[in-house]
Structure formats: C-alpha cells, structure tokens
Amino acid sequence: MSRNGPLALIFHTLFVIFMVAPILVVCLVAFTPEGYLSLPTNGFSLRWFRTIADYPEFINAFWISLWIGAVSSVIALLFAVPAALAIARYQFRGREALSALFLSPLMIPHVVLGIAFLRFFTLVGISGTFPALLIAHVIVVFPFALRLTLAAATGMDRSVEMAAISLGASNWTLFRRVTLPLILPGVVSGWALAFIQSFDEVTMTVFLAAPGIETLPVRMFLYIQDNIDPLVTSVSASVIVITMLALILLDRFYGLERVLAGHSDRGR
Amino acid sequence: MSTSASITSEQGAAVPAPAQQDRSGAWAPWPLLLPALALFIAVVIVPLLMTVLLSFHNWGQYTGIEFVITLKNWQEIWSDPYFYEMFARTFRIAGLATVIAAILGAPEAYILNRMRAPWKGFFLLIILGPLLISVVARTLGWALLFGGNSGVVNKALMAVGLIDTPIPFMFTETGVVIALAHVMMPFMVLSVWAALQRVDPQIENAALSLGAGQVTIMRRIILPQIMPGVLSGGIIVFALSASAFATPSIIGGRRLKVAATLAYDEFLNTLNWPLGAAVAVLLLVALVLIIVGSNAIIERRYAEVFR
C-alpha cells in the first residue's frame with residue numbers, strides 16, 4: 001500500500017489540530033490562575049478545580065449523572081438482552097419492524113423525545129422526578145445496549161448450548177452458565193457505551209430536569225447560558241478527563257472502532 | 001442529540017439474519033421480546049402520539065392548554081414568515097455543516113486508512129474519541145476559541161495573514177456551522193472509514209500499473225467507491241445537525257434560533273406547549289422525509305456497491 005505524501009500529512013496535521021483544539025483549550029483555561037477567562041500564561045493553578053467543591057449543584061449533578069447512567073444502562077440491558085437473543089435467533093414476522101422500533105431512539109431527534117417525555121410524564125404526574133429521568137434515559141440508551149448485545153449473540157457459537165441442552169440443562173441454567181458468559185463481552189461493552197451516552201445526554205434531559213434533579217451536562221449547559229467563566233471550564237475539563245479514561249478502558253477491552261462502528265464489517 | 005447522540009453507521013437496516021434459524025414454533029421469540037415491546041409502546045409510541053395530538057390543541061395566555069382540536073398552531077407556522085425563516089436557517093446551517101464535514105472528513109478517513117499500525121489506531125482514537133465527550137464541553141471549547149473579537153481563532157488567522165479584520169464567530173451562523181461541523185465530524189470519518197474497509201487496495205495498484213496518475217486514481221477509483229460512505233455519513237450529519245440543540249444554543253445565543261432551540265423556548269419560557277409541539281413534529285416529519293428519500297436515492301444510485 002502506498003504511503004501518504006507530504007501534502008496529505010499537512011492536511012492530516014491541520015485536521016487533528018481542528019479536532020483537538022476546542023478540547024485542549026478547555027483543559028488549558030481550566031488551569032488559569034486568573035479570575036477571568038485566559039490561557040494560563042503565568043503558571044498553572046488548581047484554584048478553579050478547588051472552587052468546584054464550593055458549588056454543591058455541580059457535585060450533586062455529577063452524582064445524579066452517575067446514578068442515572070449506571071442504573072438506566074442496567075435496566076436497558078434487562079430489556080435488551082432477551083430482545084437481542086430473540087432477534088438474533090429467530091426468523092419471525094415483524095422482525096425487521098421490531099428492530100427498527102428498538103433502534104428508533106437513534107433516529108428520532110432528542111429534542112422531539114424530550115418534548116414527548118415531558119408531555120407524557122406531566123400527564124402521568126411524575127414530571128421532574130428522578131424515576132422520570134431514569135425511564136427517559138433507559139429509552140435513549142436502549143439502542144446502544146441492544147446493538148452490542150445483538151452483535152455478540154449473532155456471532156455466538158450455538159453448539160455449546162446444544163451440548164448443554166443435551167446434558168439436561170434447564171432453561172435458566174443454560175442462560176446463566178452458558179449463554180450469558182458467552183455474550184458477556186458484548187453485554188459489558190453495551191453497558192459501557194450506554195453509560196457514556198447517558199452521561200453525555202443533554203438535549204432530551206434539559207426538558208425533563210428540575211432544580212435539584214439535573215444531570216451534569218444539563219447543569220453545565222444552564223450555567224453556560226448565563227455566563228462563561230473559568231469555573232465551568234474546570235468542570236468541563238474534569239468531564240473530559242473522566243470520559244477519556246472510560247474511552248481508553250473501552251478501547252483496551254473491546255476496541256473503540258468495533259464499539260463505534262457497531263459491527264459494520266460483519267453485519268453485511 | 002446529542003449528538004450525542006446517535007451512532008447510526010448502518011442506518012438501522014443492518015440487522016444480520018439469524019445465523020442458525022430456530023424453528024421451534026412461531027411464538028417462541030415473543031416472551032423474550034414482549035418486555036421491550038411493552039416498554040417501547042408505553043414510553044415511546046404513546047408519548048409521540050400524545051405530542052402529535054398536543055400540536056392540535058389550543059393555547060391561551062391565561063387559559064393554558066385547551067383540549068380542543070384546532071389547526072391554529074399549524075396555520076401560525078404556515079403563515080408566519082418567522083417560522084419559515086427559522087426552518088430555512090436550521091436546514092441551511094445543517095447543510096453547510098454537512099458539506100464541511102464531507103470535504104474535510106472524507107480525505108482524512110482516506111489518509112487515516114493508509115497509515116501504519118501504531119499511528120492508525122492512535123489517530124483514530126483522537127478523531128473518534130470526541131464523539132463520546134460531552135457536546136457541552138466541546139461547544140464550550142469553541143466558545144472559548146471564538147470568544148469575541150480577541151478570540152484565539154481570530155488572532156491566529158490574523159497572525160497568519162489570512163484576514164485583516166476579526167470575523168465575528170460568536171452569535172453568528174458562521175460560528176454555529178464551524179462548531180457543528182466539528183461536533184459531527186467523527187460520524188463522517190467513521191462512515192467513510194467503514195466504506196474504505198470494503199475497498200480492495202489491489203484495484204488501486206492495478207490502476208497504478210496500468211499507468212493511471214494519482215488524480216485519475218482518486219477520481220475514477222477511490223471516489224466512486226467511498227461515495228456511498230460519504231453520502232450515508234452526510235445523512236447522519238445532516239439529521240443530527242438539523243436537530244442539534246446545545247451547540248446552536250451556546251454559540252448562536254438567544255437570538256439566532258433554530259428548530260430545536262425554538263421548541264425549547266416555547267416549552268420552557270413561553271410555555272406555549274402546543275406551538276412547541278407543532279415545531280418539533282414538523283422537524284421530525286421533515287427529517288424522516290429527507291432521510292428516507294435520500295436513502296432511497298442512494299440505494300438506487302449505488303445498488304451495485306451495496307449488493
């Protein structure tokens with residue numbers, strides 16, 4: 001295969017700068033010792049990171065984000081794993097339509113989902129509560145949980161299951177001791193990707209959040225709408241670092257390309 | 001949206017056929033599917049239908065939502081040029097962001113694909129990684145870079161001598177387009193990258209051995225093969241840009257309204273929910289038509305590539 005020429009490498013360098021610059025500038029400004037927005041020219045300071053502790057609404061929002069992300073991803077998997085097994089194994093009427101329905105939260109604009117959920121939860125009477133936020137996030141992360149589980153279930157070797165059945169394993173034993181361990185990598189990375197999606201979600205959540213029940217991105221967004229100061233850049237920098245760590249772990253254990261591309265090479 | 005949104009590299013249609021088909025009865029899969037189906041009917045289909053219904057309700061300053069069926073909101077959107085302008089702006093911004101993402105993202109995917117082992121993975125992580133970083137944090141980065149007339153971007157452009165006077169980026173469509181192109185770029189790179197994986201490098205070598213120049217190879221060999229990837233990436237980028245919320249809100253400010261930010265305003269500030277619902281439903285319908293339509297065109301045009 002031929003190599004990239006000098007022009008290509010210049011283009012590549014500029015492209016990488018374009019992609020990295022906004023993220024880098026947030027991380028740099030977060031370390032400013034000044035009281036206003038500036039690049040740290042005379043020394044790095046952690047003062048704005050320490051200031052976060054004085055703003056309980058950010059800390060509170062962080063914990064809510066963590067809980068919503070972790071729990072909604074687990075609930076989504078409880079629904080998605082059986083559905084993925086059914087879609088991977090059976091040919092039935094409406095299979096395509098059901099898959100499209102289950103993946104539809106990817107296609108429906110989140111602003112529309114936010115409005116639909118707000119209307120629904122208001123009529124049901126649970127608007128502005130933690131459970132409402134949780135249910136909404138289950139729906140939004142469901143496609144990610146389903147996709148990776150589906151990929152694992154489709155690629156699974158069924159002969160081990162046949163062996164277990166022939167040896168008299170019950171349905172539950174079969175699932176717990178054979179099927180689940182085999183699809184576990186897909187399930188775990190499905191959880192991780194679902195968690196990240198939930199942790200980042202802002203457009204839909206902004207419609208459902210109420211004071212005290214806000215996720216971190218929503219709190220950051222509402223804060224930025226009022227003013228941009230070094231405090232919110234240090235919060236953003238923390239979020240970037242946490243996401244990066246999760247990303248590296250995900251890449252190590254599963255391969256980022258596979259997670260992001262779904263299974264485009266195998267699915268055809 | 002986040003953009004966050006959504007990773008739809010294969011447009012949902014890529015559910016693989018079952019490896020081994022179980023024929024132990026037509027009803028066997030349903031107990032497994034029923035919980036998820038019930039969840040989706042209760043919490044997706046019903047709320048969406050309620051939203052459509054809401055857009056036909058009336059709203060009064062003092063009476064709130066009135067449970068009558070009226071076309072008032074739809075007539076207002078149809079007749080008031082403000083809405084026409086807002087939707088035109090929404091789709092103009094999305095279209096420009098898509099074009100920029102294609103022009104920059106497609107060559108980058110090609111360059112990336114030709115890199116060697118450690119670098120390939122490293123830069124793929126750098127370029128796709130931002131996809132998972134909060135869109136608020138990324139947009140904040142652009143707000144800092146644009147930041148008024150003394151922003152870093154303007155300083156850099158003037159230092160290089162590309163411009164003489166600062167370009168206003170904050171609160172302008174230009175700024176929103178650039179930030180959106182950045183936010184959506186990974187989807188384009190990913191989509192073209194996926195298309196490149198199906199290209200046989202030997203074809204390029206064959207063309208080379210037959211005496212084709214670099215330009216000819218690019219135009220006649222590479223471009224036709226990655227075009228489906230560019231187009232399906234373009235659909236994703238366009239759909240997500242047209243429904244983007246956080247980026248237009250932060251960079252565009254309160255006055256530069258797009259569909260998503262206008263719907264948000266109607267819901268949480270004006271409290272005219274029926275009108276906001278109508279804007280949202282219209283956005284959804286427009287996007288579905290655009291996505292389905294362009295998918296059909298692409299599949300017909302590139303039938304041989306998808307086979």
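How are α6(A) and α8(A) oriented relative to each other, roughly parallel or roughly antiparallel? The angle between these helices is about 155°, so α6(A) and α8(A) are roughly antiparallel. (Angles under 35 degrees count as roughly parallel, over 145 as roughly antiparallel, 65 to 115 as roughly perpendicular and the rest as oblique.) This is a predicted model: local features need pLDDT of at least 70, side-chain atom pairs count only at pLDDT 80 or more, and totals for chains, interfaces and linings use all residues. Residues are numbered from 1 along each chain as its sequence is written, while chains are lettered from A and ligands numbered from 1 in the order in which they are written.

**The α6(A)–α8(A) pair**

- α6 of chain A spans residues 130-154, α8 of chain A spans residues 171-200, and their axes lie 8 Å apart. (Axes are lines fitted to C-alpha atoms, for helices over the stretch in contact, and angles run from 0 to 180 degrees between N-to-C directions.)
- Their crossing is right-handed.
- (Two residues are in contact if their C-beta atoms, placed from the backbone, lie within 7 Å.)
- The contact has 14 nonpolar, seven polar and no charged residues. (Ala, Val, Leu, Ile, Met, Phe, Trp, Tyr, Cys and Pro count as nonpolar, Asp, Glu, Lys and Arg as charged, and the others, Gly among them, as polar.)

**Chain B**

- Chain B has 13 helices and two strands. (Helices are DSSP runs of H or I, at least four residues; strands are runs of E, at least two; both are numbered from the N terminus.)
- Of its 307 residues, 44% count as buried. (Buried means 20 or more other C-beta atoms within 10 Å of a residue's own, exposed 12 or fewer, and partly exposed in between.)
- α2(B), residues 72-79, and α12(B) cross at roughly 65°, and their axes come within 9 Å.
- In this contact, B:Trp74 and B:Ile77 are among the α2(B) residues that meet α12(B) residues including B:Leu275 and B:Leu282.

**Where the chains meet**

- 86 residues of chain B are in contact with 85 residues of chain A.
- α1(B) gives the most to the side of chain B that touches chain A, with 15 residues.
- That side has 64 nonpolar, 17 polar and five charged residues.

Key
A crossing is left-handed if the near helix is turned anticlockwise from the far one by less than a right angle, and right-handed if clockwise.
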